[in-house]
Amino acid sequence: MSILEREEPHYFGAGPALLPSDVLKQAALDLISYDGQNLGIGEISHRSKPAIKVIDDTKANIKKLINVPDTHEIFFMQGGGTTGFSSIVYNLMAHYAKKNNLKKGKAAYAVTGGWSKKAAEEAQRLGFDVDVVFNGKDKKFGDIAPFSEWKPIDKESTAYLYLCDNETVHGNEFRSTPDSSYLPEGVELVADMSSNILSKDIDVSKYGVIMAGAQKNLGLAGLTIYIVKKSLLEQASDDELKQADIPLCPIAFHYPTVVANNSAYNTIPIFTCQILKLVTDKLIKEGGIEVIEKTNAHKAEILYGALDKHSGLFNLPVKNHAVRSRMNVVFTLPTEELTEEFLKKALDKKLTGLKGHRSVGGIRASIYNAVSTHSVELLVDCINEFAASHKA
């Protein structure tokens, strides 16, 4: 086996997550010499023509894959989802102030799991007014109530509604978006799609902001994708915000500045962006979102099917099938000893990355785009064998 070859891994880690081997092989070559320059992709200037082309090509690929309308801007920023928690509230409140005569707005948050909880807490920590319109904590985030049961949004003062489209820790996922019967006109819909971006078809026009860390479904840690309605780039000036006692956004995460500099105001990690480009190239070549969504639905169906079949041994905290995540399948066993035994059996079969998040324990199988159907089938076999050996 050559130095650029590897046995195909069966890795179910939640992030940083699996990447296609052929993508990594090309990226490794690019890291040594890119575009015939005798320099690696990580060594070239982030404002050079080759780097700008990587940025532009990656944006074009994302636009093609999910039909991003001309009303929206695609850009990249350093950091991950946690950076997004703060950048979103700073920027959207600056827009709200611009639109409403420097009036302070508030933000509505749906808390459906650990990450949306952290996002709401961060907005509040930064001094903004936060209204939690749904909180699934009492049911241990095992379900998402219908929008009709959420607390009504104050349309007179709310800038946006924030939700985490897929919760990696607790394993739930939205299958729909709130329509006008719940979401008032003028209140922007904001979604963290870090763990399910480009895994399914979405109507981008419904969102004011889509934020997605790259390290789960698309690439390496260190870069985040933003898809933002262009009208939201119209923001109150620094002086106006100071006058209104509204916190200023750090310049590195100020959306209008980032967009004006084509994602390169700061030194963008261009190697990470190149990984994104290679992954999106591959998705397009393999048939696009329609194909990958069908594959993802099948992977989730067979995995949940095996777990439901042996429900006396494997417990699925998300009981409502309609909100079970297709990306992060979480389950538990009756005892810690059985959990460790299952993990060891999986490891013996070279199935890795299955240990649950430290906050909840148990098992978590993250079956992102790069995780093959074959890998999921091997995990299903492992589940069936384990259940057969532990019949009462």
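Biologist: Is Leu-102 buried, partly exposed or exposed?
Modeller: This is a predicted model. Leu-102 sits in the loop between α3 (81–99) and β3 (106–111). Its relative accessible area is 22%. Buried means under 20% and exposed means over 50%, so Leu-102 is partly exposed.

Biologist: What is phi of Leu-102?
Modeller: Most residues other than glycine have a negative phi. Leu-102 is not glycine, yet its phi is positive. The value is near 65°.

Biologist: Is Phe-141 buried or exposed?
Modeller: Phe-141 lies in the loop between β4 (129–135) and β5 (158–164). Its phi is also positive, near 60°. The relative accessible area is 6%, and the cut-off for buried is under 20%, so Phe-141 is buried.

Biologist: Where does the largest nonpolar core lie?
Modeller: This core has 57 residues, and Ile-227 is one of those with the most contacts inside it. Helix α7 (residues 270–285) gives the largest share, seven residues. Domain 1 (49–283) and domain 2 (287–389) both contribute, so the core lies between them.

Biologist: Which residues make the nonpolar surface patch of about 330 Å²?
Modeller: One member lies in the segment before β1 (10–11): Leu-4. Leu-4 is partly exposed, at 36% relative accessible area. The patch is made by Ile-3, Leu-4 and Leu-29.

Conventions
Residues numbered from 1 in each chain as written. Predicted model: local features only at pLDDT ≥ 70, side-chain atom pairs only at ≥ 80, totals over all residues. Heavy atoms only, no water. Core = buried A, V, L, I, M, F, W, Y, C linked by side-chain atoms within 4.5 Å. Buried < 20%, exposed > 50% of the residue type's maximum accessible area, 1.4 Å probe, protein only. Helix = DSSP H or I, 4+ residues; strand = E, 2+ residues; numbered from the N terminus. Domains from an automatic or database assignment. Patch = residues over 30% accessible without salt bridge, like charges linked within 9 Å, V, L, I, M, F, W, Y side chains within 5 Å. Areas by Shrake-Rupley, 256 points an atom, 1.4 Å probe, with all protein chains shown as cover. Salt bridge = Lys/Arg side-chain N within 4 Å of Asp/Glu carboxyl O.
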